[in-house]
Amino acid sequence: SSDYKALQVQYIQRPLKGLQGMASYTLSHSTDTGSTSATGNNIALTLADIDTNRADSDFDVRHNFAASLTYAIPAPPGPPLVQKMLGGFSVDTLVKARSGSPVDVLGRGTTAPYNGTLRPNLVPGQPLYIDDPAVPGGRRFNAAAFTLAPVNVQGDVPRNFLRGFGAHQVDLALRREIPIGGVRLQLRGEVFNLFNTVNFGNPTASINSALFGQATTMLNRSLNGLNALYEMGGPRSGQLAVKLL
């Protein structure tokens with residue numbers, strides 16, 4: 001079972017002297033007893049009451065912001081030939097920012113007849129996060145805050161207990177449209193992650209790993225969706241495009 005609540009706010013700027021844009025913000029919370037149809041961590045359902053598995057959904061992102069802005073650059077004053085050569089340019093900007101997604105801390109593996117990995121126990125009095133300039137992102141989970149639970153026993157650490165890194169980036173495009181008869185030729189130059197902002201994927205979740213709590217991949221290579229080149233969170237990249245409209 002699952003439950004979702006959200007506050008969604010949107011502002012739209014209608015075209016005004018060549019400028020138009022839109023900004024959206026979502027404050028949301030999604031909880032469930034399992035976010036995928038099959039996962040080894042849900043072995044908990046055979047070892048404990050299903051309600052103990054209810055927690056933030058795997059895809060729960062509390063804060064999500066996106067804004068886009070388009071500006072049609074006016075042609076400079078001058079003879080018609082100059083205006084024709086230097087007119088038709090526009091600039092597009094896209095800003096994206098979000099808070100971190102959940103991380104399900106994993107502990108001891110199960111033995112037969114079970115098949116999966118269970119969560120550990122929490123050590124009272126220990127901080128969950130540690131500032132560490134020696135690791136990617138300058139922050140890691142505190143391994144001392146967790147200890148292995150007995151074999152085939154689900155630990156008391158809730159599912160999706162910790163949070164990874166937030167992310168933000170700015171994309172920019174410069175385009176020009178040239179009318180040709182009844183169609184328009186559009187030339188585009190696009191830069192993704194304009195400021196080369198570093199965004200990390202979720203830290204390693206297994207307390208048995210020497211890299212527990214540390215990020216080991218960039219965000220775009222950890223989302224397991226589209227080709228990493230087209231995902232948010234990669235290094236700065238660019239492309240040129242020609243469109244016939």
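Student: Let's start with Ala228: buried or exposed?

Tutor: Ala228 is buried, because its relative accessible area is 17% (buried means under 20% relative accessible area, exposed over 50%, partly exposed in between, with a 1.4 Å probe and protein chains only). Keep in mind that this is a predicted model, where local features need pLDDT of at least 70, side-chain atom pairs count only at pLDDT 80 or more, and totals for chains, interfaces and linings use all residues. Residues are numbered from 1 along each chain as its sequence is written, and side-chain values use heavy atoms, with hydrogens and water left out.

Student: Okay, where is Ala228 in the fold?

Tutor: Ala228 sits in the loop between β13 and β14. Strands (E, at least two residues) and helices (H or I, at least four) are DSSP runs, numbered from the N terminus.

Student: And what does Ala228 touch?

Tutor: Not counting residues up to four places away in sequence, Ala228 touches Asn220 and Arg221; contact means heavy atoms within 4.5 Å. There's also Met218, 10 residues from Ala228 in sequence, with 9.5 Å between their C-alpha atoms.

Student: What about Asn160, what's its phi?

Tutor: Asn160 has a phi near 50°, again positive in a residue other than glycine. You'll find Asn160 in the loop between β10 (146-147) and β11 (162-163). At 5% relative accessibility, Asn160 counts as buried.

Student: Which side chains does the Glu190 side chain make polar contacts with?

Tutor: One is the side chain of Arg188, at 2.8 Å, and another is the side chain of Gln239, at 2.6 Å. A polar contact is a pair of N or O atoms within 3.5 Å; within protein, one must be able to donate a hydrogen and the other to accept it, and residues adjacent in sequence count only if both atoms are side-chain atoms.

Student: And which residues is Glu190 in contact with, leaving aside neighbours within four places in sequence?

Tutor: Those are Leu172, Ala173, Ser237, Gly238 and Gln239.

Student: Now Pro15: is that one buried or exposed?

Tutor: Pro15 is exposed, because its relative accessible area is 62%. Pro15 belongs to strand β1 (residues 2-16). Thr70 is 55 residues away along the chain, and the C-alpha atoms of Pro15 and Thr70 are separated by 9.1 Å.

Student: Zooming out, how many helices and strands are there?

Tutor: The protein has two helices and 14 strands. Of its 245 residues, 33% count as buried.

Student: What are the spans of the C-alpha trace?

Tutor: Along its principal axes the trace spans about 80 × 40 × 30 Å. The radius of gyration is 24 Å, while a compact globule of 245 residues would have one near 18 Å. That radius is taken over C-alpha atoms, and the globule rule is 2.2 Å times the number of residues to the power 0.38.

Student: And how much of the contacts comes from residues 24 or more positions apart?

Tutor: Such pairs account for 66% of the contacts with a separation of 6 or more.
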